[in-house]
Amino acid sequence: MAAHLKKRVYEEFTKVVQQQQEEIATKKLRLTKPSKSAALHIDLCKATSPADALQYLLQFARKPVEAESVEGVVRILLEHYYKENDPSVRLKIASLLGLLSKTAGFSPDCIMDDAINILQNEKSHQVLAQLLDTLLAIGTKLPENQAIQMRLVDVACKHLSDTSHGVRNKCLQLLGNLGSLEKSVTKDGEGLAVRDVQKIIGDYFSDQDPRVRTAAIKAMLQLHERGLKLHQTIYNQACKLLSDDYEQVRSAAVQLIWVVSQLYPESIVPIPSSNEEIRLVDDAFGKICHMVSDGSWVVRVQAAKLLGSMEQVSSHFLEQTLDKKLMSDLRRKRTAHERAKELYSSGEFSSGRKWGDDAPKEEIDTGAVNLIESGACGAFVHGLEDEMYEVRIAAVEALCMLAQSSPSFAEKCLDFLVDMFNDEIEEVRLQSIHTMRKISNNITLREDQLDTVLAVLEDSSRDIREALHELLCCTNVSTKEGIHLALVELLKNLTKYPTDRDSIWKCLKFLGSRHPTLVLPLVPELLSTHPFFDTAEPDMDDPAYIAVLVLIFNAAKTCPTMPALFSDHTFRHYAYLRDSLSHLVPALRLPGRKLVSSAVSPSITPHEDPSHQFLQQSLERVYSLQHLDPQGTQELLELTIRDLQRLGELQSELAGVADFSATYLRCQLLLIKALQEKLWNVAAPLYLKQSDLASAAAKQIMEETYKMEFMYSGVENKQVVIIHHMRLQAKALQLIVTARTTRGVDPLFGMCEKFLQEVDFFQRCFIADLPHLQDSFVDKLLDLMPRLMTSKPVEVVKILQTMLRQSTFLHLPLPEQIHKASATIIEPAGESDNPLRFTSGLVVALDVDATLEHVQDPQNTVKVQVLYPDGQAQMIHPKPADFRNPGPGRHRLITQVYLSHTAWTEPCQVEVRLLLAYNSNSRIPKSPWIEGGEVSPQVETSIEGTIPFSKSVKVYIMPKPARR
Amino acid sequence: MPEIRVTPLGAGQDVGRSCILVSIAGKNVMLDCGMHMGFNDDRRFPDFSYITRNGRLTDFLDCVIISHFHLDHCGALPYFSEMVGYDGPIYMTHPTQAICPILLEDYRKIAVDKKGEANFFTSQMIKDCMKKVVAVHLHQTVQVDDELEIKAYYAGHVLGAAMFQIKVGSESVVYTGDYNMTPDRHLGAAWIDKCRPNLLITESTYATTIRDSKRCRERDFLKKVHEAVERGGKVLIPVFALGRAQELCILLETFWERMNLKAPIYFSTGLTEKANHYYKLFITWTNQKIRKTFVQRNMFEFKHIKAFDRAFADNPGPMVVFATPGMLHAGQSLQIFRKWAGNEKNMVIMPGYCVQGTVGHKILSGQRKLEMEGRQVLEVKMQVEYMSFSAHADAKGIMQLVGQAEPESVLLVHGEAKKMEFLKQKIEQEFRVNCYMPANGETVTLPTSPSIPVGISLGLLKREMAQGLLPDAKKPRLLHGTLIMKDSNFRLVSSEQALKELGLVEHQLRFTCRVHLHDPRKEQETAMRVYSHLKSMLKDHCVQHLPDGSVTVESILIQAAAHSEDPGTKVLLVSWTYQDEELGSYLTSLLKKGLPQAPS
């Protein structure tokens, strides 16, 4: 016992020592590369027990191995492999071989022979499976080498008869990934007959182990993915697998059937137990439909998803999916949908129905009713009623896709989609509303359907309501009652949820412009005009009244007779609204009025648009004046900036461009101003301290350039160059200012070097764009680069200074589409006088609700900032799930922010705002030198920062001291 | 011949009084023990004397299984266990165990206190009966005894409803109870794995119906309620306390929540509160949505639904009231109905079937003037609506379940004979399995061929495998060994081991046969000729000529002797052990054909 203990102590002791050695060894490794394999060799030789060896291998696996030393390491591993008796260590070695062969820049064909060799002598099933995995890695690394692939396939076929499922699995995987694609290579040098990979894999469809069956199907799918055309015979085999006991097999089989049905949609298959024949795609559709009522929900989801992409299916089958063939007591019964339709078409409306209204009518021939084999029958009815919402969502998606390709089906599935608006899970409701919007071109809503749709307007979820507004924007309504109903419901919605105002107005705008003729007869009623009497003028600030006017004015745009029905005040209101809500109210051709903006019609391209012309002209003007006196330049710049800003406010579609250019001009203005400072005229050695303006300008230009680069979506490379160029100028300015204001040369060395590095970086990044930068600052700078590299900092500064003053103003080309990222915080509204009270030290959750426009990748870039009165700032990263995407270019952030603070004596306001985080690396084009370069450029230029892009909202909070 | 026998004591071609006896591999199981709503005399309960006339029930039944808490499935339980006398185990799920006594007690109260019946079970009997209950979890395999095991599957229908698999050895029966294949607002859909039972006993209430999508009905219901409330009317929904009531509550509750409605919803008190409590507890038995969201909020903790007080009925303004009982034949629902019937703004929604003779049935059939007790005439001006919310599987659902379970045969119960006929025909046609539909008291006997597991020693298996090719699943293989049957288990061992185990000495068994050959030559020469003949014929066997003049082929010995009477005839004595039977008989037949003519 004592001896044993002693041994253990000793062991532990030695272990510690070894680990230290290891650490030292790793340090050495960095210096001398070949020692890596040597160290491993030493370690493995030192290992006394399999457990030890395993430990070493595990440690080894944590570090990457360079491509050059891979081969050496592999040799050592293999050598050890032959000696090793313990299967677990062999397993690890085998897996390491696989990992190593994946190393970039290493060609694994040299280790293949060894791998196959050891495979032949291996007894352990697990190790065998792992080795096959390694071979797979090798094989996928060498996709060009036919001979190797053949050999590997051969090896796989040999081991297919192994008793362990793991080995068979891997063999099938290997076959699927490497099985030869072309049959043309029939004669190989070694006389290997090309195996029919599909046949071999197909044989394993009936393996006794479900895992192997699954692997076989997956291998088949893999073959398909690699471009091999599967035989049609597989279809029948796959169909048999649909009734497998195991869900993963069924799930894979459904996929396979789908694949085959896409390959051979038009071939004819017989229907069993009858002598009829149908198209294969129809048969497959029926079979997949049947799987929608499978016992396992995984299979159901799979089946429902795949249904959506089977567009070639004949409409007869498609429509069956919505028909369940109702019966009651053996008598045919009409569905509620059919009844609703009939009621509608017969012109009467549902009024306190009698019991038995839905009583079944005709008798059904008992022989003709098929209860289960009816294939596609009611598949979607089942899918939409499923217990799992995953299945329901998949079914809705499938409906959407099928309806998009078939207008008649779209008409039919409408009822079911409308029903889904009442689902218990909000996600499903939302999904079905979106679906409906997508197919809305194909459909016209009946009044009773519209009624159900509109009922959802009262939903308390804002997402749902907004989605519904979007839907109404593009719906076709068939009658004027429908329009009236929609308007009434929308107004109801408006009174219930006043925050929806904008969304509702927008919705009515489209509703009006889509249905001018239906709105026309409603106008007198809506405006409550009377043929004889003047009615009271409605309140112009009433959102509901504005809503009605938006509807009418938009309808009037294409309906010239409508304005005749307006009363006087309507015209006045029109003028007011046209000004204040120009995005909602179109220009109208009104009698007795000058056609102010008749030029604005959709047919005119944006370039001919006068406001756009104005923008262009004012920019041209600025760019053309290169050599005006500084005073004049400044004035012109200031004027232009003002103009642009105003233009951006007026014309929302030009806001992005105008802002973008204004920012650029502002940068230029700042630069000019800074260069005009008296500071430059004073002799250098005076070291003026009052250079605030210049350094502040440099700083501000930097900030503005970051804004330009990251806050606008649609910025192209040519703009990025200009922006970077401007930034470079700012940096030069900064350098000069620093040089002038600091005493001593030492700090300048570092700064100069850094600046030159940046110039170098700029050159490398934008080498392609340099020709466009003729005569610019950087152009001149690069010419002088060799001289700058060798000269002293003082010289450099001097050169820079002259260059900066001489440099011309670069023309900023305007991108096609540019939008400024913006955010509006809807909640908290910041109006509450009641402070949010909570116990200090604990947290309070603040709901934040904001809309984001034109933000790319908001999940990573948008942050919430909370500023406390004591200057403390807190940055919160919202979860990716907190962002929704209600439309293109728009996002919505709904999140909770946790506030906490120590106790205050009285309530105070904290500020909440949204920030846009950026990382200067993200936009830099990746070029090959980055990989090969010695110095990592990321380190020097990666600048991360944030730009506030929303107005801050003040929230009144009050942390109370904790009561004891 | 082993067989499974099934005898319905109730629910055979009938709805109500479910009680089915199953004998499987010598075990007797009773499935459900319900009462019939339609009768008030002895016919109310199943005829337990069928099981035994004078013995104790406990001796005849191994266990009783209750599928769910509806009275037509558990109503006779206290009578059966306490008054007739049964002490064995009673199996049911946890929610059933919790809710069942409440319903039984309620039923007893109505029968004894209201109708004044004597000779009925007492509260104490209910309590005693519930003490015999063993609760089971879903998918838990419960060993009733060494051989009999049962397993519960989810059935939807009502909270805690389960389907049961009864299994003895390799024989099994699945009893569905009542089930629902389409999920509703509070429960999921029934599910069973591919257990391939010998027999599936399924309910068939809606054997001839294929139902419309649930969504239309729900939407209709909500729309009606919403409209009535918006116009300021009062809505009465008569319900039974458990089951559908909860579904409708959830439906309205979520709707109110979604639509931000303010009108009050009331639920008449009593039974319901207790029941709601159990719904809150057994959250794992509900559907996906409720299970997933109960961490944030338990759906059964209603925000908008409050307890009803008699005085509320006269409150002005809109309201929705759930009141019991469901058919408007008595109690609170009827009282409220009388109060509200006169106003055309109000509405009554009947969510289920109404028995003939009840007020519910009358108004549904369109009667607008009702005679109440005391010759009063009540004019019904309020709107009357009918909404069917039933939680049974329809024909398609039943077929779906049969497809899922893949039984060898199907037996239909709990439905009307005429409708069953149709479904039976369909099942036989589409699944190609036998389908039965016995009436009450009629016994169905199903022969089974149970597979008998035999243990085999690995050594023997490997030895036998080594002799042939790899096993092929499709082809039978011949295997030599000894089958030992000991204490009802079977083992296949090699003969040597069997001898050793049994302490027996191996007996040599030899077959001998004489073959007469016409050959005038000497014995030795004949032997030689036989030897050369066999050598040429049997190329892959070892043929030897021994010095004593005999010939051996493997272990078969052939000796030639002169015939005692006729010297021209030689007698060949062929002897072989029984192991070499095949070769031996082949040899004899070969020798009987005679030797080829000598070349000399």
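Which strands does helix H12 of chain B lie across? The views below take that up, along with the sheet around it. This is a predicted model, in which local features need pLDDT of at least 70, side-chain atom pairs count only at pLDDT 80 or more, and totals for chains, interfaces and linings use all residues. Residues are numbered from 1 along each chain as its sequence is written, chains are lettered from A and ligands numbered from 1 in the order in which they are written, and side-chain values use heavy atoms, with hydrogens and water left out.

**View 1. An open sheet in chain B.** Here 7 strands line up as S7-S8-S9-S10-S11-S20-S21, with mixed pairing. Strands (E, at least two residues) and helices (H or I, at least four) are DSSP runs, numbered from the N terminus; two strands pair if DSSP finds at least two bridges between them. At the edges sit S7 (141-143) and S21 (434-436) of chain B, each pairing on one side only.

**View 2. S11 beside S20 in chain B.** S11 (residues 199-203) and S20 (residues 409-413) run parallel, joined by 5 bridges. Look for Leu199(B): its bridge partner in S20(B) is Ser409(B).

**View 3. Helices over the sheet.** H12 (residues 395-405) of chain B lies across S9 (162-168), S11 and S20, at about 160° to S11(B). H13 (residues 417-431) of chain B lies across S20 and S21, at about 170° to S20(B). Axes are lines fitted to C-alpha atoms, for helices over the stretch in contact (heavy atoms within 4.5 Å), and angles run from 0 to 180 degrees between N-to-C directions.
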